Amino acid sequence: MPTEIRTARLTVLIDPRKKAVFERLCAADDTTPSQVVRQLIRDYIEQKSGHSWQSEYNLAEKTATAAKKPRTR
């Protein structure tokens, strides 16, 4: 499994009470809110795309790499 590159930030505004409950539940499961959100995003990608999030990840990596390559004549 490729290592995720965690350089993008996602800012979400939520009700402070929901945030407190979410953080408490995460702590009870010995996980972080970030870990749970990343898993939710992976699950959403798989549900909507119909295949593994890794294949979407690999496709995005290939596309980004190809876009960086200089064109030759």
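Asp 30 sits in the loop that links helix 1 (16–28) to helix 2. The structure is a predicted model, in which local features need pLDDT of at least 70, side-chain atom pairs count only at pLDDT 80 or more, and totals for chains, interfaces and linings use all residues. Residues are numbered from 1 along each chain as its sequence is written, and side-chain values use heavy atoms, leaving out hydrogens and water.

**Overall layout**

- The protein has three helices and zero strands. Both are DSSP runs, numbered from the N terminus: helices are H or I with at least four residues, strands are E with at least two.
- From the N terminus on, the order of elements is α-α-α.
- Of the 73 residues in the protein, 5% are buried. Buried means under 20% relative accessible area, exposed means over 50%, and partly exposed lies in between (1.4 Å probe, protein chains only).

- Asp 30 is not a glycine, yet its phi is positive, at about 55 degrees.
- Most residues other than glycine have a negative phi.
- Asp 30 counts as exposed because its relative accessible area is 73%.

**Helix 2 and its end**

- Helix 2 has 17 residues and spans 24 Å from its first C-alpha to its last. That is close to the 24 Å expected at 1.5 Å a residue. The expected span is 1.5 Å times one less than the number of residues.
- Gly 50 follows helix 2 and has a positive phi, near 85 degrees.
- Arg 42 lies in helix 2 (residues 33–49). Arg 42 counts as buried because its relative accessibility is 17%.
- Leaving aside neighbours within four places in sequence, Arg 42 is in contact with Glu 4 and Trp 53. Contact means heavy atoms within 4.5 Å.

**Where helix 1 meets helix 2**

- The axes of helix 1 and helix 2 come within 9 Å and cross at roughly 95 degrees. Axes are lines fitted to C-alpha atoms, for helices over the stretch in contact, and angles run from 0 to 180 degrees between N-to-C directions.
- The two helices are therefore roughly perpendicular to each other. Angles of 65 to 115 degrees get that label, under 35 is roughly parallel, over 145 is roughly antiparallel, and the rest are oblique.
- Phe 22, Glu 23 and Cys 26 of helix 1 meet Pro 33, Val 36 and Val 37 of helix 2.
- By class, this contact has five nonpolar, no polar and one charged residues. Nonpolar covers Ala, Val, Leu, Ile, Met, Phe, Trp, Tyr, Cys and Pro; charged covers Asp, Glu, Lys and Arg; the others, Gly among them, are polar.

**Salt bridges**

- Side chains of opposite charge can pair when their charged atoms come close.
- The count is two salt bridges. Each needs a side-chain nitrogen of Lys or Arg within 4 Å of a carboxyl oxygen of Asp or Glu.
- Arg 17 and Asp 15 form a salt bridge, at 3.0 Å from N to O. Arg 17 is exposed, at 64% relative accessible area, while Asp 15 is partly exposed, at 26%.
- Lys 19 forms a salt bridge with Glu 23, and their closest N and O atoms are 2.7 Å apart. Because Lys 19 and Glu 23 are four residues apart in helix 1, about one helical turn separates them.
- Lys 19 is partly exposed, at 40%, and Glu 23 is partly exposed, at 35%.
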